[in-house]
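I opened a notebook for this structure and wrote down what I looked up, entry by entry.

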Protein chains: 2
Amino acid sequence: MSLLVVGSVAFDSVETPTATRDNVLGGSATFFSYAASYFTSVRLVGVVGEDWPSEHTKLLSDQGIDTSGLQVVPGAKTFRWRGKYEPNMNDRETLEIHLNVFETFDPVIPDSYQDCQYVFLANGSPVIQMKVLDQVPQAKLKVADTMDLWINMQRDELCAMLKRIDGLVLNDAEAKLLTGDENLVRAGHKVREMGPKFVVIKKGEHGAMFFSQDETYVMPAYPTPDVVDPTGAGDSFAGGMMGYLTEQRDHSPATLKQALAYGTVVASYNVEDFSLDRMRAIGRDDLEARLKDYRQMLSF
Amino acid sequence: MSLLVVGSVAFDSVETPTATRDNVLGGSATFFSYAASYFTSVRLVGVVGEDWPSEHTKLLSDQGIDTSGLQVVPGAKTFRWRGKYEPNMNDRETLEIHLNVFETFDPVIPDSYQDCQYVFLANGSPVIQMKVLDQVPQAKLKVADTMDLWINMQRDELCAMLKRIDGLVLNDAEAKLLTGDENLVRAGHKVREMGPKFVVIKKGEHGAMFFSQDETYVMPAYPTPDVVDPTGAGDSFAGGMMGYLTEQRDHSPATLKQALAYGTVVASYNVEDFSLDRMRAIGRDDLEARLKDYRQMLSF
């Protein structure tokens with residue numbers, strides 16, 4: 001079983017209170033793919049410019065990620081983002097954003113991807129997300145991410161998109177912005193009433209909340225003392241979650257909860273170094289060990 | 001087995017985005033006592049002025065809280081606090097504070113309380129907290145709270161006090177202030193290395209973290225959609241925790257974790273109305289029902 005992800009592939013420049021990295025491998029679909037690849041084969045659709053080094057593609061394909069859907073646009077530049085983290089390592093400021101090739105990204109799902117039943121629409125315009133949905137009529141689980149930009153600029157399109165997906169993943173500030181409700185429990189259910197069968201609100205260092213018609217729960221973040229770079233935490237969380245669901249070929253309530261736990265654990269590793277560096281250094285056995293620890297932590 | 005608490009008893013005035021209450025029953029020792037009273041008999045030491053209505057004392061004693069240690073100072077006024085909550089209901093601003101009788105509070109532990117083996121020093125000056133410790137040599141578990149004021153103004157005294165207690169409860173901002181570390185996992189252990197065998201960091205709507213030499217864990221807050229007034233959440237959390245430990249006559253790691261869960265559940269009820277109103281409307285059976293739900297929420 002394969003998992004399809006459509007989203008950004010980028011060069012990130014990251015400033016933290018103690019270190020800086022320039023032009024490292026980043027992007028929502030990149031973090032997502034790598035995180036999901038511990039669990040299942042992943043098929044990536046994205047776009048880069050001719051400044052994209054082939055080593056980056058090789059790094060992903062060596063991990064079993066199918067990059068045949070990664071378009072390379074001649075004469076164009078890859079999406080670049082620069083951000084700076086506050087001392088708390090939870091809040092950040094975007095210093096520069098150059099959409100470049102991502103601005104006109106019009107994803108085409110290759111024929112060879114047409115059998116993907118699990119689909120994740122990483123952050124992107126809801127118009128583009130709906131174009132992808134049009135191309136995956138066979139999908140049995142469609143989950144999307146969104147962000148403040150689309151809530152503010154394309155609310156109608158976002159609302160239309162929400163009616164076509166099974167699950168939405170967004171962060172706490174975005175859930176409050178979308179619903180106008182400052183209480184996250186109420187906000188989560190209000191988002192759910194806009195269409196998706198389930199909603200996951202990411203709270204950064206404070207974990208994630210899950211909402212379905214029958215369930216409301218919170219899972220704390222795994223408490224790591226080694227937070228080096230939180231970039232990609234939300235995407236690696238979603239990647240771990242969707243990867244596990246794809247591996248299990250199931251999204252029943254019990255499997256979804258397990259999936260959130262795996263997502264939590266993958267994200268906790270991801271923040272321990274810049275770019276994909278920490279995730280590259282671990283394997284499924286590390287995830288299982290930390291998951292066991294996490295489960296023990298929550299047992300009383 | 002009895003639990004001794006020494007702390008403030010106050011009139012609170014609370015402004016939330018949707019409602020306001022003036023001069024309602026409040027204070028750290030008040031919330032703590034009521035929360036603990038579901039589990040054990042409680043003995044309260046505090047001070048009020050002659051403006052204190054006897055109904056408030058009756059409300060506590062009707063719940064089985066021994067108020068013989070509540071000094072009433074003639075011609076003086078009770079501690080008053082006024083605060084305003086942000087729309088997120090997690091951050092607040094203190095608008096007015098009148099220490100009144102609490103400014104010269106010199107707690108005397110009545111002879112009848114001398115057999116208390118479980119002691120909680122609610123928020124107060126570390127100098128006063130140490131005066132209490134001098135009076136309870138028999139105590140087998142001594143836990144304290146503190147706040148930014150004492151970290152800034154009486155750091156040396158606070159550090160001396162920390163060497164004399166078994167556990168410290170403080171909030172996330174205070175842990176960062178005390179240690180200068182923005183990572184809560186590291187900050188928690190740094191506080192522990194200052195003296196207490198265990199440390200609990202309260203994170204408001206995001207739950208609590210526990211630190212001992214052998215354990216680090218996080219427990220999320222119970223997700224209630226009905227947050228009416230967060231005042232006293234931290235004190236009722238500590239009350240539930242200490243009440244359960246006293247009931248069990250034990251503070252082994254497993255019992256401590258259960259105690260944090262009970263504290264979480266009591267606090268989640270407390271925030272559902274102003275003052276003690278929600279806690280007054282519930283009983284132990286409600287706590288058990290919500291605890292069961294909370295445990296289920298964290299099982300995967």
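**Entry 1: a sheet in chain A**

I began with a residue pair and found Val14(A) standing opposite Arg21(A) in E3(A). I noted that the model I am reading is a predicted one. Strand E2 (residues 10–15) of chain A is joined to E3(A) by five bridges, and the two run antiparallel. I then looked up the sheet they belong to: it is open, has four strands in the order E3-E2-E6-E7 (chain A), and its pairing is mixed. Strand E3 (20–26) and E7 of chain A are the edge strands, each pairing on one side only. From one strand to the next I read an average twist of 20°.

**Entry 2: two residues with positive phi**

I looked up Asn100(A) and found its phi near 50°, which is positive although the residue is not glycine. Asn100(A) sits in the loop that runs between strand E7 (92–98) and strand E8 (118–121) of chain A. Is Asn100(A) buried or exposed? I counted 20 other C-beta atoms within 10 Å of Asn100(A), so it is buried.

In chain B I looked up Arg249(B), a residue other than glycine whose phi is likewise positive, near 50°. I found Arg249(B) in the loop between helix H8 (233–248) and helix H9 (253–270) of chain B. Arg249(B) counts as partly exposed because it has 13 C-beta neighbours inside 10 Å.

**Entry 3: the nonpolar core**

I turned to the largest nonpolar core, which has 186 residues. Which of them touch the most other members? I listed Leu4(A), Val5(A), Phe120(A), Leu4(B), Val5(B) and Phe120(B). I followed one of these, Phe120(B), and left aside residues up to four places away in sequence; Phe120(B) touches Leu3(B), Val5(B), Phe32(B), Val143(B), Ala238(B) and Met242(B).

**Entry 4: how the chains meet**

I superposed chain A on chain B with a rotation of 180° and 0.0 Å of shift along its axis, at an RMSD of 0.0 Å. This is the relation of a two-fold axis.

How many residues of chain A are in contact with chain B? I found 26, and they meet 26 residues of chain B. On the side of chain A that touches chain B, at least two residues each come from helix H7 (184–192), strand E13 (216–219), helix H9 (253–270) and helix H11 (284–297) of chain A. By class, I noted 14 nonpolar, seven polar and five charged residues on that side. Of the interface residues of chain A, 100% are also interface residues in chain B, so the copies meet through the same surface.

Definitions and conventions. Residues numbered from 1 in each chain as written. Chains lettered and ligands numbered in written order. Predicted model: local features only at pLDDT ≥ 70, side-chain atom pairs only at ≥ 80, totals over all residues. Buried ≥ 20, exposed ≤ 12 C-beta atoms within 10 Å, placed from the backbone. Least-squares fit on C-alpha atoms with pLDDT ≥ 70 in both. Contact = placed C-beta atoms within 7 Å. Core = buried A, V, L, I, M, F, W, Y, C linked by C-beta atoms within 7 Å. Nonpolar A, V, L, I, M, F, W, Y, C, P; charged D, E, K, R; others polar. Pairing = 2+ DSSP bridges. Axes fitted to C-alpha atoms, helices over the stretch in contact; angles between N-to-C directions.
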